[in-house]
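Hi everyone, thanks for making the time. I've got one structure to walk you through, so let me put it up.

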Amino acid sequence: SNPRLVRSLKLDMWTLGYASIGIAIALACIVVNIYFPGTFRPVDIWITALSGVAQVMLDNKRLQTWYVWFVVNIMSMYTFYHDAMYIVLLQYVFFTINVFIGAISWKRSMKVDT
């Protein structure tokens with residue numbers, strides 16, 4: 001088995017593909033909101049759409065996934081703080097620490113592979 005190498009995302013068709021995934025997820029959330037009012041707040045739609053994009057980027061080993069996860073985590077921490085869900089907020093603090101560890105690890109692996 002040949003493992004995938006970590007690669008950086010360049011502005012090309014892949015980038016448009018990732019953006020399309022995010023837009024599709026956001027539109028799906030909006031449609032759900034139309035049929036089930038109050039299901040998603042705007043911030044929930046953003047978090048859901050960006051999480052979907054970040055997951056696909058993670059699966060494809062794109063370095064920029066960690067930047068998207070960072071944004072998702074910050075938005076989530078803001079949301080959980082305002083919803084007084086402090087234990088879940090703490091979990092996202094650890095997820096954010098993991099973002100930095102993952103980004104550094106992946107960046108180092110790119111230097112070794114080249």
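Let's begin with aspartate 83, which is partly exposed at a relative accessible area of 33%. One thing to keep in mind as we go: this is a predicted model.

So what does aspartate 83 pair with? Its partner is arginine 41, in a salt bridge with the closest N and O atoms 3.0 Å apart. Now look at where the two ends sit. Arginine 41 is in the loop between helix 1 (13-35) and helix 2 (42-59), while aspartate 83 is in the loop between helix 3 (65-82) and helix 4 (86-113), so this pair ties together parts that are 42 residues apart in sequence.

Arginine 41 has another partner, too. Its side chain also meets that of aspartate 44 in a salt bridge, at 3.1 Å from N to O. The salt bridge count comes to 2.

Is aspartate 44 buried or exposed? Buried: its relative accessibility is 18%, and the cut-off for buried is under 20%. Arginine 41, on the other hand, is partly exposed, at 36%.

Okay, moving on to the surface. There's a nonpolar patch made up of Ile23, Leu27, Ile30, Val31, Val32, Ile34, Tyr35 and Phe36. Together they have about 820 Å² of accessible area. Take valine 31 as one of them: you'll find this residue in helix 1, and with 43% relative accessibility, valine 31 counts as partly exposed.

Most residues other than glycine have a negative phi. Which residues here have a positive phi without being glycine? I'll show you two. One is lysine 61, with phi at about 55°. Lysine 61 sits in the loop between helix 2 and helix 3 and is partly exposed, with a relative accessible area of 29%.

The other is alanine 84, again with a positive phi of about 55°.

Notes. Residues numbered from 1 in each chain as written. Predicted model: local features only at pLDDT ≥ 70, side-chain atom pairs only at ≥ 80, totals over all residues. Heavy atoms only, no water. Salt bridge = Lys/Arg side-chain N within 4 Å of Asp/Glu carboxyl O. Buried < 20%, exposed > 50% of the residue type's maximum accessible area, 1.4 Å probe, protein only. Helix = DSSP H or I, 4+ residues; strand = E, 2+ residues; numbered from the N terminus. Patch = residues over 30% accessible without salt bridge, like charges linked within 9 Å, V, L, I, M, F, W, Y side chains within 5 Å. Areas by Shrake-Rupley, 256 points an atom, 1.4 Å probe, with all protein chains shown as cover.
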